[in-house]
Amino acid sequence: MAKRYHESDIPEAAAALKRGELVAFPTETVYGLGADATNVTAVSKVYAAKGRPSDNPLIVTVADAAMVSQYAKITPDAAKLMDTFWPGPLTIILNILPGRLSMKVTGGLQTAAFRNPDDALTRKLIATAGVPIVGPSANTSGKPSPTTADHVLHDLADKIAGVLDDGPTRVGVESTIIDLTVTPPDIFRPGAIGPHELEPLLGPVDSAAHHVGKNEAPKAPGMKYKHYAPAAQVVVVDTIDQFDDAVAWAKKTGQAFGLLATEPILAHFPDVPSYSLGQDITSATHALFAGLRWFDLHPDVTLVLAQAFSHSELSAAYMNRLLKSAGNMHYQPNMPTDRF
């Protein structure tokens, strides 16, 4: 059974990593699944534990920017971003130095994504281990990312040595990923740091949505496969004024359904199982993964109507994850009730 590590247990957790075992760790965004990034056997265990496709690259999590220089060339733009945003929720894709990282880590590419999280316990863990650690989200592949140690143990208790518990995460969705190996720099995954913060340092950045072909290797996690999905089918309700119709439609399907929405919407449907996203997009982003996981604890609910937010830089991270959890399924008027 996995151990719940605390700060005093960091030497023990670091020793487990050095032995090639898996240790989950906290960040300010979600919990990650750690293994020694220089140990191919340990990295292979991550793919097996998550059930993760082998062409899906792994983020390399480091104690500081100096650790990155052992594995990749730090460009002037990368140095500016690290100085400004690290530690913090920004992952940077760089060209790796020859032979420094296994293709198991990079998904077969000559690039890797590097991250320095804003969590003092995790940085201490990595520094104590003396090696970078791979850091995909500590969940079964495709399921909602974990924002508490309990979420990690729910998915992976029998597959890891333990989890370093630093309480609930603060941001709630994964880091922004930016690719600095292309011109202009390319935002592959939206997160807490957006274009308006990056462009003063980099100039124009490309933030358009990216689609990866069936036989194409993605350069960053979460680009190719359905992600963040609970057992229930999620259906995105695009506007507030659609909720009455969407609820009426859900009732006609004959399925047990629930709502994932903000308090003003939930107040209209007091008898429907629901998880509150709070009052606004900020609280909704923080609560999204916890809400999706809540419905997994209520397996009788097989359909979830989830609130969308109008597109903006603030809502980009939330909508990116919500649409993936739904397989891009939106409520539409006159949808067939036997669709599921």
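Does Met1 count as buried or exposed, and at what relative accessibility? Met1 counts as exposed, because its relative accessibility is 86%. The points below concern a predicted model.

1. Overall dimensions. The chain has 340 residues and a radius of gyration of 20 Å, which agrees with the value near 20 Å that a compact globule of this length would have. Along the principal axes, the C-alpha trace spans about 60 × 50 × 35 Å. The secondary structure consists of twelve helices and 14 strands.

2. Burial and surface. Of the 340 residues, 57% count as buried. The accessible surface of the chain is about 13700 Å², and carbon and sulfur atoms account for 53% of that area. When contacts between residues at least 6 apart in sequence are considered, 68% of them join residues at least 24 apart.

3. Charge. The chain carries 28 positive and 35 negative side chains. The centres of these two sets lie 8 Å apart.

4. Nonpolar cores. In soluble globular proteins, nonpolar side chains tend to be buried together. Here the largest nonpolar core holds 65 residues, and the members that touch the most others are Phe114 and Ile178. Beyond its neighbours within four places in sequence, Phe114 is in contact with residues including Val60, Val62, Tyr71, Trp86, Leu90, Ile92 and Leu101. Another core, of 25 residues, lies apart from the largest one, and among its members are Tyr228, Leu260, Leu277 and Ala326.

5. Helix H12. This helix comprises residues 316-325 and is mostly covered, with eight of its ten residues buried.

6. The segment after H12. Gly327 follows H12 and has a positive phi, near 60 degrees. Asn328 is not a glycine, yet its phi is also positive, at about 65 degrees. Asn328 is placed in the segment after H12 and counts as partly exposed, because its relative accessibility is 49%. Asn334 lies in the segment after H12 as well, and its phi is near 70 degrees, a positive value in a residue other than glycine. With a relative accessible area of 77%, Asn334 is exposed.

7. Cis peptide bonds. The bond from Trp86 to Pro87 is cis, with omega near -10 degrees. Pro87 is located in the loop between helix H4 (76-85) and strand E5 (90-95). Trp86 is also one of the residues in contact with Phe114. The bond from Thr183 to Pro184 is likewise cis, with omega near -5 degrees.

8. Separated positions. Met1 is in the segment before strand E1 (3-5). Between Met1 and Ser315 there are 38 Å, C-alpha to C-alpha, and 314 residues in sequence. Ala120, in helix H6 (residues 120-129), counts as exposed because its relative accessibility is 52%. The C-alpha atom of Ala120 is separated by 40 Å from that of Thr239, which is 119 residues away along the chain.

Methods. Residues are numbered from 1 along each chain as its sequence is written. This is a predicted model: local features need pLDDT of at least 70, side-chain atom pairs count only at pLDDT 80 or more; totals for chains, interfaces and linings use all residues. Side-chain values use heavy atoms; hydrogens and water are left out. Helices (H or I, at least four residues) and strands (E, at least two) are DSSP runs, numbered from the N terminus. The radius of gyration is taken over C-alpha atoms; the globule rule is 2.2 Å times the number of residues to the power 0.38. Buried means under 20% relative accessible area, exposed over 50%, partly exposed in between (1.4 Å probe, protein chains only). Contact means heavy atoms within 4.5 Å. Accessible areas come from the Shrake-Rupley method with a 1.4 Å probe; for residues, only the protein chains shown count as cover. Lys and Arg count as positive and Asp and Glu as negative; His and the chain ends are not counted. The place of a charge is taken as NZ of Lys, CZ of Arg, CG of Asp or CD of Glu. A nonpolar core is a set of buried Ala, Val, Leu, Ile, Met, Phe, Trp, Tyr and Cys residues joined through side-chain atoms within 4.5 Å.
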